[in-house]
Amino acid sequence: MRYYYRHTTPATPMPDARKDSPEFLKAYAEAAAGKPAKVRGRIQHRTGTIGAGIRAFIASDSYLSRAASTRARWRSFAEEFEAFFATAMLSDLRPKHIRMYLSKFDPHPANNRLKLWRAMGRWWVDSGLLDVDPARDVRPRAAPKSDGFTPWTQADVDAFRAHWPIGTMQRLALEIIALTGAAIGDAVILGPGNLRDGWLTYRRAKSGTICTVPLFVKPAPTYYPDADHLRACIEAAPKHMTWLSTARGAARSGKAAGQWFATGAKAAGIEGKSAHGVRKYLAAYMAERGASEDQRMAILGHDTTAQTRAYSKTADAMRIITGTKVDNSAEQVVKTSCK
């Protein structure tokens, strides 16, 4: 015999327990109070609630087509929203409710959460769950301007190399990022399978852009760093499918690797700088040595020249101040490109 609480839409299934048991009575009381019930340990939201709307979005192509890093971040926010709004009706959701909720956070965290609210709002309207997008008129909060991740300097790289010798995974991680410009989430999946005739290619998880890196090409472009450090680190490392493997030979988690690398940098005396700053270090290095925007875009996987210019802003300023000018004419490009 299976029992349902019929005064909800749809009816709420009761647990497989005696009607006079504490488990059954608790589920019955929560259903009568409008709280979501649990079936096999998973919360089941009533149809028409915000919780049900969030679950529907998480199962949609609009969510599943996002980059893995975006899905992970949004999943965390979605669970947070569920806990706060679960039993409220989706049709009652207004911009003021979203503003009030976001007011608990500082500007940057609030704006990151607003991105998910807007994505859900558009999808709810497109799917016919709502007639009006409740997040459409919620404006982002003003936030202090920032250049983002602080670029590493040559002194930072030298200090890291002095602290972490060849043979350590931390040193291998530095050399991989400094030579490929890969984000830490991409660096952990790189390995011998990405190499062919000295060229390393991979697809960025964040944007889907293909990156092409002259990692071990001979002769290397004149603007590209020497790869001897990386080659020595790879030779000293265990041989697995990925270079940055764990002690058991498995690929590292991209999410955990960022904190792991930051801890290694701190141990080397480099405070407040992350793996992404090494990516900017490579961008500045190539710009200082005359790499064109197209060359930097191909290696770093940027979608626009604006991104490339932002990453090499310091190097460009130095050339302006010192009065030097790099020849990026067709003749020079041919001379520095590799066959």
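**View 1. Aromatic pairs in the predicted model****.** The count comes to 16 aromatic pairs in this predicted structure. One of them joins W152 and F160. Their ring centres lie 5.8 Å apart, and the planes meet at 55°. Planes under 30 degrees apart would count as stacked and over 60 as edge-to-face, so this pair is tilted. Both W152 and F160 are buried.

**View 2. F160 and F261, a stacked pair****.** F160 also pairs with F261. The distance is 5.3 Å centre to centre, with 20° between the planes. F160 and F261 are both buried.

**View 3. An aromatic cluster****.** One cluster is formed by F81, F84, F85, Y101, F105 and W117.

**View 4. Arginines over aromatic rings****.** R252 places its charged end over the ring of W260, 4.3 Å from the centre of that ring. R289 lies over the face of Y285. Here the distance to the ring centre is 3.6 Å.

**View 5. The cis peptide bond between K218 and P219****.** Omega is about -5° at this bond. P219 sits in the loop between strand 7 (210-213) and helix 10 (228-236).

**View 6. D197, a residue with positive phi****.** Phi is near 55° at D197, which is not a glycine. The loop that holds D197 runs between strand 5 (195-196) and strand 6 (199-203). D197 has a relative accessible area of 71%. The cut-off for exposed is over 50%, so D197 is exposed.

Notes: Residues numbered from 1 in each chain as written. Predicted model: local features only at pLDDT ≥ 70, side-chain atom pairs only at ≥ 80, totals over all residues. Heavy atoms only, no water. Phe/Tyr/Trp six-rings, centres within 6.5 Å; stacked < 30°, edge-to-face > 60°. Buried < 20%, exposed > 50% of the residue type's maximum accessible area, 1.4 Å probe, protein only. Lys NZ or Arg CZ within 6 Å of the ring centre and 35° of its normal. Helix = DSSP H or I, 4+ residues; strand = E, 2+ residues; numbered from the N terminus.
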